[in-house]
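Hi,

Here is the structure I promised to pass on.

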Amino acid sequence: MALHFGKRDIDQPKPLNTGMATPRYGQTTSGAVAQPQAQTAPTAPTTPDADLTPATAIATSPVPEGGSKLTVGPNIKLKGVEITDCDTLVVEGMVEATMDSRVIQIAQQGEFKGSAEIDIAEIRGVFDGNLTVRNKLVIYATGKVTGRIRYGKVVIEEGGQLSGDIECSVSAGNKVTSKHAMALAA
């Protein structure tokens, strides 16, 4: 089909996938069918002792890859559930739940209300409720965490908010009260 000065030649439309069987969901086609290959740019080799910038350090945090991941998208409300066996929960909408998992990531527009026991929490939005973070709690500048909070380590970016009954629980024998934790966070 060629275009000439805003006019085009009239050809018969060609059917899509001529001579190819369309597989049903879950089935594979038999026979060799040539698939176009996407070209990928060569990647630079990574070394474990390479210098990490702060942005790279956050991106390479121990977030499980390839594990089970649940994303609650923007404008989605998930209410009254118990979330288990989920490696990573990404909250971009609104979630009211109880959760026992490895990682929670709350986006800037995301909101979580309820109870969560997590290994790593990265909060850019709002968390309200009972939060137990076994390893590391990261509150970014837009993040707000309120309620009963227990954590192993905490990182609060300038502008991030943390309020409520707060306790650093590094180990069972060495607990810091909330007044002392607030003095450390300030």
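Predicted model: local features only at pLDDT ≥ 70, side-chain atom pairs only at ≥ 80, totals over all residues.

Residues are numbered from 1 along each chain as its sequence is written, and side-chain values use heavy atoms, with hydrogens and water left out.

On confidence: the chain has a mean pLDDT (the predictor's confidence in each residue, from 0 to 100) of 73, and 55% of its residues reach 70 or more. Over residues 29–64 pLDDT stays under 50, and the model has 15 contacts (heavy atoms within 4.5 Å) beyond four places in sequence for them. Residues 172–184 also have pLDDT under 50 throughout, with 14 such contacts.

Next, the backbone. Asn75 is not a glycine, yet has a positive phi of about 65 degrees. Asn75 sits in the loop between strand 3 (69–72) and strand 4 (77–84); strands are DSSP runs (E, at least two residues), numbered from the N terminus. Asp85, in the loop between strand 4 and strand 5 (88–91), has a positive phi of about 55 degrees without being a glycine. At 71% relative accessibility, Asp85 is exposed too.

And the cysteines: Cys86 is buried (under 20%) at 6% relative accessibility, and Cys168 is buried at 11%. Counting disulfides as pairs of cysteine sulfur atoms within 2.5 Å, the total is zero.

Cheers

How values were computed. Helix = DSSP H or I, 4+ residues; strand = E, 2+ residues; numbered from the N terminus. Buried < 20%, exposed > 50% of the residue type's maximum accessible area, 1.4 Å probe, protein only.
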